[in-house]
Amino acid sequence: MQLPVTTLQGYNTPFYYYDLELLRATLKAVNNEINGTPFIVHYALKANANPVILREIVQAGLGADLVSGNEVKAALEAGFQPCKMAYAGVGKTDWEIETGIDNDIYCFNVESVPEMEVINEIAAKRGKTAGIAIRVNPNVDAHTHRYITTGTTENKFGIDIPVLDEVIDKALSLPNIHLRGLHFHIGSQITEMEPYRLLCEKTNELLDHFGSRGITFEMVDMGGGLGVDYQNPEKNSIARFKEFFDVFKQHLHVRPGLKVHFELGRSIIAQSGALVARVLYVKENSAKKFVILDAGMTDLIRPALYSAHHKIVNLTSQASAIETYDVVGPICESSDVFGHDEQLPLTKRGDLVALLTAGAYGESMASRYNMRNLPQSYFSIDK
Ligand code: LLP
């Protein structure tokens with residue numbers, strides 16, 4: 001992504017900066033891959049629901065993958081069409097379900113029978129029929145961080161395959177439910193394609209099985225999870241969309257009339273955002289040199305929560321000497337560390353530092369812990 005230092009110097013730190021040109025190029029790359037296919041991509045708002053970002057994504061024609069009533073509202077406000085909205089999550093409250101039904105969203109991704117019954121009841125009270133997909137736990141290991149793997153029986157998500165027949169029968173029996181298809185999501189930050197190939201095989205088996213029972217679906221939703229390159233963001237600024245979609249083009253048996261949905265979050269927005277902070281102090285003890293930033297885990301929690309690493313660059317230092325620093329935030333928590341033993345040019349108070357690949361699950365996970373202000377956001381193109 002492009003970071004125009006002189007412009008950035010004029011903003012109050014810490015803030016998120018978004019390169020909308022890179023976002024547009026990313027969306028174009030996605031659309032190029034799905035052009036002429038029965039594939040439909042929904043953007044997972046949980047990755048970043050900044051209204052300016054959402055506007056760009058609406059303009060590129062993507063649908064919306066939602067996980068709360070407020071995300072449904074944000075998607076409506078941003079201009080996503082309800083017929084391109086899917087609402088997932090293990091614990092939807094009544095008002096959230098009502099919000100979805102009242103706005104005629106395309107489908108609820110249902111994670112349990114009790115939830116399906118409640119959706120049916122609420123839809124009946126309103127004289128409506130709610131579209132649903134059954135979220136299936138395919139028991140495919142995504143080989144990613146244990147906090148962001150979701151498709152194995154160890155996880156709270158989805159319905160296990162052995163009871164799927166019963167659950168589908170139940171869905172078909174409920175008068176105010178319209179069963180649209182099956183939904184899967186095996187995890188996030190998936191960098192190998194093999195788990196997706198296994199997912200295709202599982203899906204083929206299930207479609208064959210239900211086909212033999214005379215049950216056909218209008219769509220299958222393969223979830224999201226495509227990973228991005230946190231180590232070399234400059235080199236790989238656009239995710240491996242071709243490789244990803246090719247797996248489904250090659251291995252998923254798409255019957256005529258079947259639509260294939262995807263729910264991509266991170267791979268759409270991660271590389272287009274950076275967290276920009278200022279160096280408050282450089283401090284040294286007997287063991288280490290610390291660079292203390294004015295941004296902390298309240299602005300970007302991924303390093304503290306998942307031991308994730310975001311590439312750190314000093315945008316303003318002209319020094320040729322390289323030093324080793326621990327780069328930390330100001331929060332009263334030992335986990336408020338962005339990087340251990342980082343090699344940076346000689347760094348001093350006032351320098352501007354960027355944490356790259358922070359567009360996804362950065363701003364959207366910011367908190368007000370320590371009563372800090374939420375970070376501002378700025379864009380490469382005027383709003
Ligand atoms: N669909 C469902 C049902 C999901 O649970 C998720 C993400 C997505 C789609 C989008 O996945 P993506 O394409 O972004 O990988 N906060 C964590 C990531 C949590 C992902 C949760 N679910 C992080 O910062 O790494």
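Predicted model: local features only at pLDDT ≥ 70, side-chain atom pairs only at ≥ 80, totals over all residues.
When I say contact this morning, I mean heavy atoms within 4.5 Å. If we set aside the neighbours within four places in sequence, Asn176 is in contact with Asn120, Ala123, Ala124, Lys128, Thr129 and Ala130.

Let me turn to the ligand. Which residues come nearest to it? Of the 17 residues around the ligand, those are Ser188, Glu263, Arg302, Tyr306 and Tyr361. For Ser188, a polar side-chain atom lies 2.4 Å from an oxygen atom of the ligand, and for Tyr361 the corresponding distance, again from a polar side-chain atom to a ligand oxygen, is 2.6 Å. Gly225 takes part through its backbone, with an N or O atom placed 2.8 Å from an oxygen atom of the ligand. Taken alone, the ligand would expose 580 Å², and the protein buries 92% of that area. As for where the shell comes from, the elements that give two or more residues to it are β10 (259–264) and α11 (302–306). By class, the shell is made up of six nonpolar, five polar and six charged residues.

Next, helix α3, which covers residues 51–59 and in which Val52, Ile53, Leu54, Glu56 and Ile57 are buried. As background, an α-helix has 3.6 residues a turn, so residues three or four places apart point the same way. What covers the buried residues of α3? The cover includes β1 (15–18), α2 (20–34), β2 (39–44), α4 (69–78), α10 (266–269) and β17 (376–379). At the start of this helix, a side-chain oxygen of Asn50 reaches to within 3.1 Å of the backbone nitrogen of Val52, and just after the helix, Gly61 takes a positive phi of about 90°.

Val353 has its place in strand β16, residues 352–355, and it is classed as buried because its relative accessible area is 1%. Beyond its neighbours within four places in sequence, Val353 is in contact with Leu275, Val276, Ala277, Val279, Leu293, Ile312, Val313, Asn314 and Leu315. The C-alpha atoms of Val353 and Pro14 are separated by 9.6 Å, although these residues stand 339 residues apart along the chain.

Phe248, for its part, is found in helix α9, residues 241–251, and is likewise buried, with a relative accessible area of 1%. Its contacts, again leaving aside the neighbours within four places in sequence, are with Phe39, Tyr196, Cys200, Met222 and Phe262.

Pro14 brings me to the backbone. In general, most residues other than glycine have a negative phi, and most peptide bonds are trans. The bond that joins Thr13 and Pro14, however, is cis, with omega at about -10°, and Pro14 lies in the loop between α1 (5–9) and β1. On the phi side, Asp341 has a positive value near 50°; its place is in strand β15, residues 337–345, and it is partly exposed, with a relative accessible area of 47%. Asn370 also has a positive phi, near 65°, but this residue lies in the loop between β16 and β17, and it counts as partly exposed at 37% relative accessibility.

Let me finish with the cysteines. How many disulfides does a search of the whole structure find? The search returns zero.

Key:
Residues numbered from 1 in each chain as written. Heavy atoms only, no water. Near = heavy atom within 4 Å. Polar contact = N/O pair within 3.5 Å; in protein donor to acceptor, adjacent residues only side chain to side chain. Areas by Shrake-Rupley, 256 points an atom, 1.4 Å probe, with all protein chains shown as cover. Helix = DSSP H or I, 4+ residues; strand = E, 2+ residues; numbered from the N terminus. Nonpolar A, V, L, I, M, F, W, Y, C, P; charged D, E, K, R; others polar. Disulfide = S-S within 2.5 Å. Buried < 20%, exposed > 50% of the residue type's maximum accessible area, 1.4 Å probe, protein only.
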